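Please open the model in your viewer and keep the sequence panel beside it. The tour below moves from one selection to the next.

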Amino acid sequence: MHLDTEIDMTRIVRHRAAARERGARYSVVSYLLHATGRVLARHPAANAVMAGRSGRWRAPRVVTFGSVTAKLALDRPVDGERTVLSALLPGLETASLDAVQERVDRYRGRDAAELPEFAGVRKLGRVPNPLGRVAFAAVLRDARRRPGVFGTVSVSSLGHRAVDGFHSAGGTAVTLCAGRVTDRPVVRDGRIEVAPVLRLGLTFDHRVIDGATAADVLGDLKHTMEDFDAGAGEGTREPDLRGAGGDLGTLGRLEQGPRRPGGARDRGALRAP
């Protein structure tokens, strides 16, 4: 299912301009990632995935995650072929904007495809497709391992192109798709003004959340970004962003945090770290 909204980016555009004067640079997608971590922490039902059957007679279940890991789609060449790489940014619920931007810059570097995080992608590209699919499926068999491969939310941006809006499904309960920021007419205090506007699309898995929850998430994202305050909500600690994507790098060595105890939740949901 697909939803979309328009976000008044006036505050963020001003913050970006002020940062440039100080010699700092923030990308639009970094603001989106920063907001996404806060919003999904407030809506944990959307920070989840539909898991497969654990036995012949057991129904599929929803697994929710205690931390927000974004899967950021990047257009990068691998072995001379244009490829979409999936970069993982864990700990977004507490990551500062600076920490997010630092990681985005790392993944957007010229030699990003050669980073150790993408060793698994390079390896999969060199094996026959059937074998690659089997290996990938084996990694995903336990839904609690998915944050280390797919993240818990997918984010994609085509804002560097003449694209206003789009939708895609990234294998997570929620996929966010950002178009370009462009001047559009908005109504303020009954008057029409021109403001920088971002169109944000949200695709959601209806098996995991319903339309009302998805609308709440999108609305919260809209307000969080429109009310951006550089001095608020920056988090109290810097997450350890090293090793994101390590699961694909080894195709078998799955790094997980300690499993938290807990029984069934709503709709038979389980909680994973």
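Throughout this tour, contact means heavy atoms within 4.5 Å. The model is a predicted one, in which local features need pLDDT of at least 70 and side-chain atom pairs count only at pLDDT 80 or more, while totals for chains, interfaces and linings use all residues. Residues are numbered from 1 along each chain as its sequence is written, and side-chain values use heavy atoms, with hydrogens and water left out.

Select S154, which sits in strand β6 (residues 153-157), a strand being a DSSP run of E with at least two residues, numbered from the N terminus. With a relative accessibility of 3%, S154 counts as buried (buried is under 20% relative accessible area, exposed over 50%, partly exposed in between, with a 1.4 Å probe and protein chains only). Leaving aside residues up to four places away in sequence, S154 touches K71, G170, G171, T172, V174, T175 and L176. Now display G170, whose backbone oxygen lies 3.1 Å from a polar atom of the S154 side chain.

Is D189 buried or exposed? D189 is exposed, at a relative accessible area of 78%. Most residues other than glycine have a negative phi.

Finish by selecting V29, S30, Y31, L33 and H34 in α2, which meet L97, V100, Q101 and V104 in α3.

Notes
Helix = DSSP H or I, 4+ residues; strand = E, 2+ residues; numbered from the N terminus. Polar contact = N/O pair within 3.5 Å; in protein donor to acceptor, adjacent residues only side chain to side chain.
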